[in-house]
Amino acid sequence: MSLIGKQIPEFKANAYNPKKEEFVTVSNENLKGKWNVIMFYPADFTFVCPTELEDLQEQYATLQGLDTEVYSVSTDTHFVHKGWHDHSEAISKLEYTMIADPSKEIARSFEVLDEEAGMAQRGTFIVDPDGVVQACEINADGIGRDASALIDKIRAAQFVRNNPGQVCPAKWKESGKTLTPGLDLVGKI
């Protein structure tokens, strides 16, 4: 069942904020009022995961410029997140909040929990300021994600939100041509 167009599930969790070097509590309420990227990954101290989180950090300033906050989530504890941050060259660069989900409830409610492995799948969610999921992508465990792809998706989602009745075609870039669905376009695209 898809979460697209639905409110994100309620949650409250411990997290590690590397920028402030402190433990914090994050809930679904913290995500309201701005755009958010929620990036689930299988586990700390693994192989593909640090490359993805470091790649996401490389896009962090651009995402913040789009009024978008970033959260990573795994089924590890917030203590493990801090330990990973303190001992990994890639993860030590992170500035965004790392949410802990040892109960696996957040991953389960976002429908990305691999129940057999007890870990989250590689799921990425774009959530609007109302807490509604606008886009999601779930990759197989061995396939890393490219965070730069989020930039155009967020810009398109923001454009559509701010311009009701218009849609963004494939490969749309900011200030690119959009479409206004209607009878006059049927069969002409």
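Me: How should I read "contact" and "buried" here?

Reply: Contact means heavy atoms within 4.5 Å. Buried means under 20% relative accessible area, with exposed over 50% and partly exposed in between (1.4 Å probe, protein chains only). Helices (H or I, at least four residues) and strands (E, at least two) are DSSP runs, numbered from the N terminus. This is a predicted model, where local features need pLDDT of at least 70, side-chain atom pairs count only at pLDDT 80 or more, and totals for chains, interfaces and linings use all residues. Residues are numbered from 1 along each chain as its sequence is written, and side-chain values use heavy atoms, leaving out hydrogens and water.

Me: Which residues of helix H3 are buried, and what covers them?

Reply: In H3 (residues 78–87), they are His 78, His 81, Gly 83, Trp 84 and His 85. Their cover includes strands E1 (12–17), E2 (22–27), E4 (68–74) and E5 (97–100), along with helix H1 (48–58).

Me: What about nonpolar cores?

Reply: In soluble globular proteins, nonpolar side chains tend to be buried together. A nonpolar core is a set of buried Ala, Val, Leu, Ile, Met, Phe, Trp, Tyr and Cys residues joined through side-chain atoms within 4.5 Å. The largest one here has 23 residues, and Leu 53, Leu 56 and Met 98 touch the most other members. Strand E3 (35–40), H1, helix H2 (60–65) and helix H5 (148–162) each give two or more residues to this core. H5 gives the most, with four.

Me: Which residues of H5 are buried?

Reply: Leu 150, Ile 151, Ile 154, Ala 156, Ala 157 and Gln 158 are. They pack against E3, H1, H2, E4, strand E8 (122–127) and strand E9 (133–139).
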